[in-house]
Amino acid sequence: FFFQEAYLRQRQAAPYFLSMPTPNERQGLVSIVGAGGVADTLHVPVVPAISTILNAYPQANDPSGPYGARTYLEQFSSPTNRHQYSIRVDEHISEKDSLFFRFSNEDNILPYRNVGLAILDPTFSAFLRNDWLNTGVSETHTFTPTLLNILEVSFMQTHETSSPRESNLTQVGFADGALSTWGPYSGGYSLEPLTFNVRDRLSWSKGRHSVNAGGEYRKMNASYWGTAGNGGDNGAFKFAQGTLLPVAIPSASGNNNLPLGAPSPNSLVSFMVGASQFYSRTVAYPGFGPSGGGYAPFSMRRANWSGWIQDDFRLTQSLTLNLGIRYEYNGVPWETHGRIATVEDNPASPLFGDYVLNPSPLYRKDYRGLAPRFGLAWKVMPKTVVRGGFGVFTLLPLEQEADQHGFNFPFAGSSTVSNRTF
């Protein structure tokens, strides 16, 4: 019996610079370079809702920093928390049977993935939690001194979640970097893949032959969920220079007044009057997602089967051949509620080349998983051995390749509206 447990608590601080509005800018007083290169001040009528955001920014504290009078410096401590433990049991049941059991679990927590947003408001940053659980059991049975069987069963569950704590606000960004982005991190997700595996292998030695044969079945279930990708659930506004002003803005000197409809001199002025360059939001198209936007959960299923036999044949005292063959079939992934879409790739299909909702199968099945193996070990001289081999190998399809079809149009898409008023 074996038990092991470990903890990690790490606090790592690093300097971060952000751009904050100055005291004057919080009052709508924006410094510009006017006609003839003369400094001037615009008296911007700040929208009340935007005034609330401006005053929610921390006060700048490092005028010598990279953003001048707007610079804010903070030594932010970013914590990492981990907890892991494992259990192992080896049991000798009888002269012919033994049992092995293993269980491992790990929890990984990163409270703040986005330090810049966490400095503005801890609820803006997404947290990351990545936990996994792995367990397995195997039984070894000895039929004879030369015949051995091992049966193994295992599964692994992972759960990765990342999401901002605040999801009811709209994100605000600045094309020229006038201020640091305000609002929650862009979206979140939850991934829960589960892999179940059964394998049985038989080893047999007879004369000059050492034979290994077996089969394996692997089942993978994966459940996913995601929120909007642009600015979180409520989308994101982007402010930029050149947006047409919805109000007239006077200047302190009277020489640089901006009339109604004039282009904004910078993104900060555009923000103050609520004139965005565009508003964007990632949503599922009507009828293909939850009401209010975001992604509907989807669950992928896939399985594969394999079998093999290999003989290490000692042909002579100096030459051993490794002869084997393996067959593997990787099943085509499918989604439990028909929430996938892709381009039909089967030339025999009347929809070849078309974009298809819930294709069945997702792609053509491939039964060509026959994989021969050949190797040798040749003792040329007492101190020299030449080894070589040839094999055909089948790679499992990447899980992400199929999973991405659940995020395709029309289950997700970015919508953008220009010149949207904040």
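Which residues does Gly338 touch, not counting residues up to four places away in sequence? In this predicted model, the residues in contact with Gly338 under that condition are Asn358 and Phe411. Gly338 itself is found in the loop between strand E15 (334–335) and strand E16 (341–343).

**Strands and their pairing**

An open sheet is formed by four strands in the order E8-E11-E12-E20, and the pairing within this sheet is mixed. Strand E8 (171–174) and strand E20 (413–418) stand at the edges with a single partner strand each, so one side of each is left without a neighbour in the sheet. On average, and with direction ignored, neighbouring strands of this sheet are turned by 20° against each other. Within the sheet, E8 and strand E11 (residues 236–239) run parallel and are joined by four bridges, and Val172 has Phe237 in E11 as its bridge partner.

Other strands pair in the antiparallel sense. Strand E6 (residues 126–144) and strand E7 (residues 147–164) form a hairpin with two residues between them, and Thr135 stands opposite Phe155 in E7. E7 also runs antiparallel to strand E9 (residues 189–206), where Val198 is the bridge partner of Val153. The table sets these pairings side by side.

| Strand pair | Direction | Bridges |
|---|---|---|
| E8 and E11 | parallel | four bridges |
| E6 and E7 | antiparallel | 18 bridges |
| E7 and E9 | antiparallel | 14 bridges |

**Aromatic residues**

The count of aromatic pairs in the model comes to 17. One of them joins Phe3 and Tyr85 in a tilted arrangement, with 6.5 Å from centre to centre and 35° between the planes. Phe3 lies in strand E1 (residues 2–19) and Tyr85 in strand E4 (residues 71–92), so this pair ties together parts that are 82 residues apart in sequence. Phe3 is partly exposed, with a relative accessible area of 44%, and Tyr85 is also partly exposed, with a relative accessible area of 23%.

Elsewhere, one aromatic cluster is formed by Phe174, Phe237, Phe239, Phe271, Tyr279 and Phe422. The Phe237 of this cluster is the residue that bridges to Val172. Tyr279, another member of the cluster, has Arg420 lying over its face, at 5.2 Å from the ring centre.

In soluble globular proteins, nonpolar side chains tend to be buried together. Here the largest nonpolar core has 36 residues, and those with the most contacts inside it are Val44, Tyr57, Ile249 and Phe271. At least two residues of this core are supplied by each of strand E2 (29–33), helix H2 (48–56), E4, helix H3 (115–120), E8, E11 and helix H4 (267–272). The largest share, five residues, comes from H3.

Phe271, named both in this core and in the aromatic cluster, touches Ile50, Ile53, Leu54, Val172, Phe174 and Phe239, when residues up to four places away in sequence are not counted. A second, separate core consists of eight residues, among them Tyr224, Val332, Leu362 and Ala402.

Note on methods: Residues are numbered from 1 along each chain as its sequence is written. This is a predicted model: local features need pLDDT of at least 70, side-chain atom pairs count only at pLDDT 80 or more; totals for chains, interfaces and linings use all residues. Side-chain values use heavy atoms; hydrogens and water are left out. Two strands pair if DSSP finds at least two bridges between them. Axes are lines fitted to C-alpha atoms, for helices over the stretch in contact, and angles run from 0 to 180 degrees between N-to-C directions. Rings of Phe, Tyr and Trp (its six-membered ring) pair if their centres lie within 6.5 Å; planes under 30 degrees apart count as stacked, over 60 as edge-to-face and the rest as tilted. Buried means under 20% relative accessible area, exposed over 50%, partly exposed in between (1.4 Å probe, protein chains only). A charge sits over a ring if NZ of Lys or CZ of Arg is within 6 Å of the ring centre and within 35 degrees of the ring normal. A nonpolar core is a set of buried Ala, Val, Leu, Ile, Met, Phe, Trp, Tyr and Cys residues joined through side-chain atoms within 4.5 Å. Contact means heavy atoms within 4.5 Å.
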